[in-house]
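Look at the model below.

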Amino acid sequence: MLGDLDSQGLLRGKTVMVTGASSGIGRAAARLFAAQGAAVVVMARREAHLRALAAEITEDGGRAGVAVGDVTRPEDVRRAVSMAVDAFGGLNAAFNNAGWGTVGTTLHETDDAVYEQIMDVNVRGVWNCLKYQIPAMMKQETGGSIVNTCSIAGAFATGALAPYVAAKHAVLGLTRAAAAEYGAHGIRVNALMVGTTRTELVEQAMKKIPDLESAAGARAVIQRMADPLEVARAAGWLCSDQSSFVTGGAVPVDGGCSAV
Ligand SMILES: NC(=O)c1ccc[n+]([C@@H]2O[C@H](COP(=O)([O-])OP(=O)(O)OC[C@H]3O[C@@H](n4cnc5c(N)ncnc54)[C@H](O)[C@@H]3O)[C@@H](O)[C@H]2O)c1
């Protein structure tokens with residue numbers, strides 16, 4: 001449920017692309033950004049979920065474009081960026097949030113196929129997004145802001161699968177490299193270091209590890225899981241001009257996990 005402060009026009013006049021928008025953090029972010037005044041281009045593979053989300057946004061008076069696609073496929077990402085430019089006049093910000101992981105195996109027990117899928121979605125997905133979003137933003141005098149969804153697993157071995165830990169470390173590396181290369185073009189790039197958040201991904205993990213919720217709570221200073229909207233609010237701030245001097249950052253939204 002959005003609060004009053006969420007509709008204060010933080011993103012008015014901007015077009016923001018959101019990947020992994022069919023559920024969880026991405027869905028909450030798309031709704032929030034639209035309420036904050038942005039036109040949103042929502043991307044994920046599940047068309048029905050995206051159409052329902054876009055309908056909700058337009059019923060509330062917002063603007064949304066649907067780009068059905070897989071972030072591991074460069075052509076799908078290119079199409080989503082083109083939609084932002086053609087339908088809404090440019091791409092001011094992007095929330096590269098699509099990701100996937102699983103739990104329950106140690107490194108030597110993990111199938112190669114699982115390794116490949118985790119790397120493909122989390123690393124190649126962000127890579128594809130950066131490759132197409134950056135040139136679109138370079139064409140604009142206003143530059144842009146890119147936010148990549150990382151994780152506390154991007155800085156620590158949290159107990160998540162080893163390939164997920166490696167993939168999220170790589171997301172942080174891509175974030176810092178892109179921030180360094182494109183700062184002169186007015187493009188800021190930041191990573192959100194997300195703690196355990198109540199989403200589909202975590203509901204699936206809890207089926208395999210029932211005490212995940214209490215373990216996540218025990219690790220954090222604020223002893224609970226995040227709500228997706230709490231993560232989305234930080235992403236919205238990073239996409240907005242309010243964070244104009246923040247780039248190359250690893251911004252924690254983790255309930256204090258990384259502090260203790
Ligand atoms: N939930 C957590 O505790 C947590 C913690 C740290 C980081 N994260 C990260 O947050 C991000 C969002 O995850 P979530 O928790 O909202 O889970 P979620 O499963 O609800 O959402 C993930 C989204 O990514 C989409 N997606 C997956 N593979 C895709 C692909 N190949 N192409 C396009 N879309 C794809 C899914 O369909 C879904 O919309 C992920 O990057 C995840 O790694 C989550």
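An N or O atom in the side chain of Ser23 sits 2.8 Å from an oxygen atom of the ligand. Ile25 uses a polar backbone atom instead, 2.8 Å from a ligand oxygen. On its own the ligand has 820 Å² of accessible area, and the protein covers 95% of it. Accessible areas come from the Shrake-Rupley method with a 1.4 Å probe.

This is a predicted model: local features need pLDDT of at least 70, side-chain atom pairs count only at pLDDT 80 or more, and totals for chains, interfaces and linings use all residues. Residues are numbered from 1 along each chain as its sequence is written, and side-chain values use heavy atoms, with hydrogens and water left out.

## The shell around the ligand

There are 29 residues around the ligand, where near means that a heavy atom of the residue lies within 4 Å. Ser22, Ser23, Tyr164, Thr197 and Thr199 come nearest. The shell holds 11 nonpolar, 13 polar and five charged residues. Here Ala, Val, Leu, Ile, Met, Phe, Trp, Tyr, Cys and Pro count as nonpolar, Asp, Glu, Lys and Arg as charged, and the others, Gly among them, as polar.

Which helix gives the most to the shell? Helix 6 does, with three residues. Helix 1 (24-35), helix 5 (162-182) and helix 6 (200-208) each supply at least two. Helices (H or I, at least four residues) and strands (E, at least two) are DSSP runs, numbered from the N terminus.

Seven strands form an open sheet in the order 3-2-1-4-5-6-7, with parallel pairing. Strands pair if DSSP finds at least two bridges between them. Strand 3 (63-68) and strand 7 (250-253) stand at the edges with a single partner strand each, so one side of each has no neighbour in the sheet. From one strand to the next, the twist averages 20°.

Strand 2 (residues 39-44) runs parallel to strand 3, and six bridges join them. Met43 has Ala67 of strand 3 as its bridge partner.

## Tyr182

Tyr182 belongs to helix 5. Tyr182 touches Ile134, Met138 and Ile187, leaving aside residues up to four places away in sequence. Contact means heavy atoms within 4.5 Å.

Notes: Polar contact = N/O pair within 3.5 Å; in protein donor to acceptor, adjacent residues only side chain to side chain. Axes fitted to C-alpha atoms, helices over the stretch in contact; angles between N-to-C directions.
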